[in-house]
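Hello,

I am handing over the structure we spoke about. Please have a look at it first; my notes follow below.

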Amino acid sequence: MDSSQRTIPVFGMKCQKCVARVSDILSAFPEVDKVAVSLEEGSATLSFKKPDPPDLAPLLTALREAGFQTQAPAQSASMPCSESEKKSNERQRLRFAIRGMSCASCAATIEKRLQQKDGIAQVAVNLAGNSGQVEFDPQILSAEDVYAEVAAAGFTALPADDLQPSDPEADRNLRHLLIATACALPIMLLMFFPLFGTATLFVNALLASVAQFTAGLDFYRSAWTSLKNRSANMDVLVSLGITAAYGYSLLALFGLLGDGATVFFETSAMLIMFIRFGKWLEARAKGRAGAALHKLLQLQADHAVLLDGEQERKVAASDVNLGDLLLVRPGEKIPVDGVVVEGTAAVDEAMISGESVPVSKEPGDEVTGATINCTGRLVVRATRVGQETVLAQIVRLVEEAQGDKAPIQRVADQVSSYFVPAVVLLSLLTFIGWYLLSGSSFLFAFQMAIAVVVIACPCALGLATPTAIMVGSSVGLERGILFKKASVLEQISRLRILLLDKTGTLTSGKFQVDEVCSYDDVGESKVLQLAAALEEGSSHPLAKSVVAEARSRGLRWEGVSQLEEIGGQGVRARQNGATLLCGQQRLLADNDIDCSPAGNDQQRLSDAGKSLVYLAVEQKLVGIIALSDSIKPNATTVVERLQKLDIECVLLTGDRKAAAQSVAAELGISQVEAEVLPEQKLDVVRKYQQQGLLVGMVGDGINDAPALSQANIGIAIGSGSDVAKESGDLILIGGDLFDIERGIRLGRQTLLKIKQNLFWAFFYNLLGIPLAAGLFYPAFGLYLKPEFAGLAMAFSSVSVVVNSLLLRKMKSVLEGIGR
């Protein structure tokens, strides 16, 4: 092998997505020239830019932090991908806009058609968002095939980019509303003031015909499409209602129903007008429900100032490439994600974190595209562009969440599939009951039957869940709270136990060395030197703090060889022919090293809540380094508030039990899971799940990936730099602990709105259909004319959407938490 190449083992890869992830991690190191990752061999071959390869420790650490292992795992060790995930990762996900849907039955028709197509694994059609998303096998079919299948069902599929906040549906319904109104109002006027004498009825017939075959034509087209697909949507009911009223009046006008038959053209015209009015309001409300996401898209910078040597060149933001140097002046948007190379400034990151206080940035700090430079001049090197930027990842995740279906929606979908045939049957029974059984007039029975057809509304059922999901996820988005699935918003409301990873979640993660104990005639400085030599390449918080302390004391140290990390316990290496061990007490115990020289130091420091790092040279304990990690200022308050929400908090840490209990007591937490190795966190989650509990876990979205994936609700906090890699179901970009409570409260409120919407949708139909059928007429004289039944139907959908929009009031509630 070439001297500039090294092959390292990588365990835990299960699919090509894992291979790509490993390749990306290793390629990010500047000293690496090329990377070749083998899934079959479980290894990565690295080619370096210089003949002498650098220390591999930082590369190995980066892989372990991403959830992979660099030594053979035990049989029970968790892997980043399960078999189901492996199959899922071989698929592609496609999101697209859909035009032409009018109700839940339309969405069901598209779903049914796509589910029957070979190569499609999952389908979700969102009526509220006028969109759909599928998971498909790209080896069997393409995106064009998916679009063609939607078109064959009678609808139009377009790329997701064609989704607009003010969907053309609203404008189209407004045009149809104006036409219907221009026809219906004169008919009403002419009913009372027959200005054209005997010809007035023919004028009404002409106006009704115009309304019927312009503003009402879409109902017929949609109904025909639905019937061709062997289903029945809401437009089938509307078409039946307006055709019955218009057709009866037309036959009566020409005397085909006998002398004295009543003409009521106003019914069909007003039906169309009222339904179009409701559709217009519904479309506008649906646009508002998804407006937050489109508003976020508009935050993207249009252009960038490219530095080419001494020259400044203005280019489109889409033309920026990785590594480009960009100039960002005060008041300008940062065009893409990058790292500050020169200058200092305060940057407004409210669009990412929800916090309005600008964050100070200096050379070496990361900045996010679309955030605003408030004060100074910055030179930024582009590190993520296009679809890889944080903003693009956030938009993609929110789109997928809004297109997902919550489990509670299945009830509405099942009811909707039988709804229209049942209503048609009820309409026939109504006519038979009034005309044949009660002896009422044909016209009265006929109008009752029409009223039943037009008052029934599956739309409200279909909109109940997705509109609430859209608004809830949008409110969260504005606070930097991302729900990756619709089911999370539903499940989080039932959360009863929450595992809180200590380091970096409840504590600052920035340790400081408080005390160094030395033994076997080894001085304090020597202990720090040796520990720093071993820990220099590690990114573990304790290791970083040990190295920082050694540097602050002006210490220097020799390099080590044969560096090996030992499964979450510490590291082993050689220096000048001697074997060194540095890490937890368990590491020394497993290597039969006697720790008795430490005397009472271990107990004293552990009781004080310190984290201990042990150092051994040639099988002898030579030192203990005691470190402490400060609890975040608001951690105790957050725990207290979570407990008031009836959520039991459990502290999860790798610290010794005494140290863990000391921290737990300070936080007010009674349950502690201590001395837990990283790979054991998943087992702790399973332990609580086996007790029948719905378990949540808060931790680092990448380091704690297996445990977060196992938890019913995985909450990744403070990892906003690459949200697409997060394993959590709920991602808190800003890192504010109060966002945990905000996310839970938002989930609970969203589920409440869904339940309210479903209640009103069912209640409306259960009350409205009997009222329209005339069941209250004999006792109370209550009944509905067909046109007013149509108005009631239109407003049922609007009321559901408006109720969902009331969720936006949660924005002020969330802002008040922690203030």
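**Salt bridges and cores**

R808 has a relative accessibility of 28%, so this residue counts as partly exposed. Bear in mind that this is a predicted model.

The side chain of R808 forms a salt bridge with that of E478, at 3.0 Å from N to O. E478 belongs to helix α16 (residues 459-478) and R808 to the loop between α29 (786-805) and α30 (810-816), so the bridge ties together parts that lie 330 residues apart in sequence. E478 is partly exposed too, at 25% relative accessible area.

Across the whole structure, the search finds 25 salt bridges. Another of them joins R641 and E741, at 2.5 Å from N to O. R641 sits in helix α23 (residues 635-644) and E741 in helix α27, 100 residues apart, and the pair links distant parts of the chain. R641 is partly exposed at 29%, whereas E741 is buried at 0%.

Next, the nonpolar cores. The largest has 136 residues, and F96 and I740 have the most contacts inside it. Helix α27 (residues 738-773) supplies the largest share of this core, 12 residues. Leaving aside neighbours within four places in sequence, I740 is in contact with L498, L500, L642, V698, I715, I717 and L732. Another core, of 25 residues, lies apart from the largest one and includes A532, A573, I625 and L627.

Regards

Definitions and conventions:
Residues are numbered from 1 along each chain as its sequence is written. This is a predicted model: local features need pLDDT of at least 70, side-chain atom pairs count only at pLDDT 80 or more; totals for chains, interfaces and linings use all residues. Side-chain values use heavy atoms; hydrogens and water are left out. A nonpolar core is a set of buried Ala, Val, Leu, Ile, Met, Phe, Trp, Tyr and Cys residues joined through side-chain atoms within 4.5 Å. Buried means under 20% relative accessible area, exposed over 50%, partly exposed in between (1.4 Å probe, protein chains only). Helices (H or I, at least four residues) and strands (E, at least two) are DSSP runs, numbered from the N terminus. Contact means heavy atoms within 4.5 Å. A salt bridge is a side-chain nitrogen of Lys or Arg within 4 Å of a carboxyl oxygen of Asp or Glu.
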